[in-house]
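Trainee: I would like a close look at a single part of this model. Please take it step by step and connect it to what surrounds it.

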Amino acid sequence: MRPAIIYGTQAAYKPMHQAVHIAAACWTFHYAKRLFETVFIHRFSHATMPIMNLFINCSYYWGFAAFVSYYINHPLYTPPMYGDIQLYGGLALFLMNEVGNFSIHYALRNLRPPGTKERRIPHPTANPMTLAFAFVSCPNYMYEVGAWLSFTIMSQCLPAGLFTLAGFYQMTMWALGKHRNYKKEFSSYPRSRKSIIPFVI
């Protein structure tokens, strides 16, 4: 459905590529997963966050959601150049990275006993998606960047690429800080690990 107030009265009658529906489903799935994790998975070290963060976070996510969705839903949207291979290949990579991201969050949850602020060194578990802990300190960020890179490939949308780039920059800053803290706090922390990209950063 294309709002006439944004795209014009004739836009609703123009065909909509399957990529548009898949992109909307992926975007919705990602943030539904994040809400689920916030309520049932994460164990936060701080009970609250500064009120200004609410406005910053909402402006960032809602702004990019509007930016990306405007172009993907536009009647002149160009579907993936390589057809179903690009569309469904990107979708498969997106879902794989989403599973990886969830797996890391679940593993991190089990590192912190309920009601404590205890910190431990994360290591791979029986879940193969957690093998990333052998290479980076923050594989949850690595998988999230991978998910949005896959979304960009799948949708072939430049604004989605800009969203991925902005997210990658922010998550790299967070990962570098957490990596430094791990090394400072734990003398036995594996020195071969990078922060977010194996062997690179």
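Trainee: Which residues of H6 are buried?

Mentor: Keep in mind that this is a predicted model. The buried residues of H6 are Pro159, Ala160, Phe163, Thr164, Gly167, Met171, Thr172, Ala175, Gly177, His179 and Tyr182. On spacing, an α-helix has 3.6 residues a turn, so residues three or four places apart point the same way.

Next, the cover. Helix H2 (18-40), helix H3 (51-72) and helix H5 (139-155) are among the elements that cover the buried residues of H6.

Phe163 also belongs to the largest nonpolar core, a set of 21 residues, where Phe163 is listed with Cys26, Trp27, Val68, Ile72, Phe151 and Met154 as having the most contacts inside it. H2, H3, helix H4 (83-111), H5 and H6 each give two or more residues to this core, and H2 gives the most, with 7 residues. Cys26 touches Leu91, Phe94, Phe151 and Met154, leaving out residues up to four places away in sequence. Another core, of 14 residues, lies apart from that one and includes Met171 of H6 along with Ala107, Cys138 and Tyr143.

One of the covering helices, H2, also holds His30. His30 counts as buried because its relative accessible area is 0%, under the 20% limit. The side chain of His30 makes a polar contact of 2.8 Å with that of Glu98 and another of 3.3 Å with that of Glu144. Beyond four places in sequence, His30 is in contact with Phe94, Glu98, Glu144 and Trp148.

Methods:
Residues numbered from 1 in each chain as written. Predicted model: local features only at pLDDT ≥ 70, side-chain atom pairs only at ≥ 80, totals over all residues. Heavy atoms only, no water. Buried < 20%, exposed > 50% of the residue type's maximum accessible area, 1.4 Å probe, protein only. Helix = DSSP H or I, 4+ residues; strand = E, 2+ residues; numbered from the N terminus. Contact = heavy atoms within 4.5 Å. Polar contact = N/O pair within 3.5 Å; in protein donor to acceptor, adjacent residues only side chain to side chain. Core = buried A, V, L, I, M, F, W, Y, C linked by side-chain atoms within 4.5 Å.
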